[in-house]
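Please read them alongside the model displayed here.

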Amino acid sequence: MLSRRALLLAGASAALLPAVAAASSRKKPNIIVIYADDLGFGDLGCYGSPIATPHIDKLAARGTRFINAHSPSATCTPSRYALLTGDYAWRASGTQILPGDAPALIRPGQFTLPHMLKQAGYATGVVGKWHLGLGDGKVDWNGEIAPGPLDVGFDYGYFMPATLDRVPTVLIENRRVVNLDPADPIRVDYKAKVGDEPTGAEHPERLKFGADPEHSNTIVNGISRIGYMTGGRAARWTDEDLTDQLLSKAVDFVTARKDGPFFLYFAMNEPHVPRAPHPRFVGASGMGPRGDTIVQFDWTVGALMDKLAELGLADDTLVILSSDNGPILFDGYQDQAVELAGGHKPSGPYRSGKYSIYEGGTRVPMIASWPGHVRAGHVSAALIGHVDMVATLAALVKQELPPTAAVDSFEMLAPLLGRSDKGRDYVIQDTKLMVTTGSTVASSGARILALRTGDWKFIRGSVEPHKFHGNAIGTLAQHQLYDLAADPGERENLADRMPEMTRKLAAWLDKVERDGRSRP
């Protein structure tokens, strides 16, 4: 017969079992990376925006909000490449804004973030924007599409091939176009018109809003796009319903894998062009479609967080929210983003935005939340970059990185969890010139690189000043040096007055580029 003391100890042990089990399950948290598209440092309420974003603000209050976080590039494809590989995109050829029919940039066998997490026992999924190329050349949209996400570490994919404004305007589930009618095959071309479908250039009267020449090709859902397509009519998305459709697939993914652990890369579209929010969000911001899509983005984040709570996963899930690059108002469509912005500054105190080597191009909002693990209500000034995601999450799930993989990814787990404000010693920022020729637009020329360390910002001399869609690219033929503590708007170039500091940072940048890696 057990003594009273033994019974008490047994009862105490039993009472501890749920806590021990919960602690054990939390050793490998679920991980969700929510990646917005063209969301600026100043676009969220918790960063000072007049646009109401209560759900994201709540996420920030529960976790750590970063004020010195950086996307790897000022444009989308390079940032996504670096996020998923841990390599700066400027080290690889072809890593620029891609057309919708480009071959896969990340190749089978290449080490990636989802590959690493699969090794740690995670189910891995991508929902939303891909824009990293598909296939080996000319894609056959009517058959199995590979290589793609499933060949670089993801178990599941439900994604757009490229961007909202590029054809084909269809969704792919794993390897096949969703709802494709074999009797209506898809053809895509980025150089010449295919089929007889109307274009924005030919029929501007059919458009929901006007567009510039490079966005005036095939009309889908009353919106003209970049590139030409024909066929696949039953498979085409409706812009106003697309975010709800993607949210539904994200919810399905986490629900089916609630016993975890899982990794979801939720690559959302807001506030990228064309901005066509669902009718329930129209007018919600008072700033037109751009502001309304930010409200839609916020609501969607809230709906996903509510589902996690409903499934009992909220405390067991690390959520990281950020953006692939800085903001842009006019980006090809006449949606009154410039006229209706009023006093709102999408980049906050920083200069320019998307496409730019100035701070507004890569300094982006970033929030990390994991109740009980990420410091709550904290604002961190740690210098951190999305290229660090691979090494940081590898440390979290106790995975070793191969010496030749993730060559620019630094382990930043303590800053990510809000336990330290000491981040990187430096980050490299990059962009390229954007050039429009007739109805085509493309990246052009050599990479434009900058180095950030402490309060110093060095921009390597390149070419004469350029703008694209109203945003200053930040180029000058000579080097630029800025003290961001005194001059966050990068208006006073100190390079001539501080030649020794300029030479030091120029040599540092040269070495990082020349060495072929930066991670020890």
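1. Arg280 lies over the face of Trp299, 4.6 Å from the ring centre. A charge is taken to sit over a ring if NZ of Lys or CZ of Arg is within 6 Å of the ring centre and within 35 degrees of the ring normal. Arg65 provides another case, with its charged end over the ring of Tyr47 at 4.6 Å from the centre.

2. On provenance, this is a predicted model, in which local features need pLDDT of at least 70 and side-chain atom pairs count only at pLDDT 80 or more, while totals for chains, interfaces and linings use all residues. Residues are numbered from 1 along each chain as its sequence is written, and side-chain values use heavy atoms, with hydrogens and water left out.

3. An open sheet of ten strands, with mixed pairing, runs in the order β7-β6-β5-β4-β12-β1-β13-β14-β2-β15. β7 (176-177) and β15 (378-380) stand at the edges with a single partner strand each, so one side of each has no neighbour in the sheet. Strands are DSSP runs of E of at least two residues and helices are runs of H or I of at least four, numbered from the N terminus; two strands pair if DSSP finds at least two bridges between them.

4. β13 runs parallel to β1, joined by seven bridges, and Ser323 in β13 stands opposite Ala36. With β14 (residues 366-369) the pairing of β13 is antiparallel, over four bridges, and Ile320 has Ala368 as its bridge partner in β14.

5. Strands β4 (residues 123-129) and β12 (residues 262-267) pair in the parallel sense over six bridges, with Thr124 opposite Phe263 in β12. Helix α5 (residues 239-256) lies across β1, β4, β5 (156-160), β6 (172-173) and β12, at about 175 degrees to β12. Axes are lines fitted to C-alpha atoms, for helices over the stretch in contact (heavy atoms within 4.5 Å), and angles run from 0 to 180 degrees between N-to-C directions.

6. There are 15 aromatic pairs in the structure. Because their ring centres are 6.3 Å apart and their planes lie at 20 degrees, Phe154 and Phe263 are stacked. Phe154 lies in the loop between β4 and β5 and Phe263 in strand β12, so this pair ties together parts 109 residues apart in sequence. Phe154 also forms a stacked pair with Tyr265, at 6.4 Å centre to centre and 20 degrees between the planes. Rings of Phe, Tyr and Trp (its six-membered ring) pair if their centres lie within 6.5 Å, with planes under 30 degrees apart counted as stacked, over 60 as edge-to-face and the rest as tilted. Phe154 has 2% relative accessibility and Tyr265 has 1%, so both count as buried. Ring pairs link Tyr35, Trp130, Phe154, Phe159, Phe263 and Tyr265 into a cluster.

7. Helix α9 (residues 389-396) is mostly covered, with seven of its eight residues buried. Its buried residues pack against β1 (30-36), α3 (76-85), α4 (113-119), β13 (317-323), β16 (384-385) and α10 (413-416). Just after α9, Lys398 takes a positive phi of about 60 degrees.

Methods: Buried < 20%, exposed > 50% of the residue type's maximum accessible area, 1.4 Å probe, protein only.
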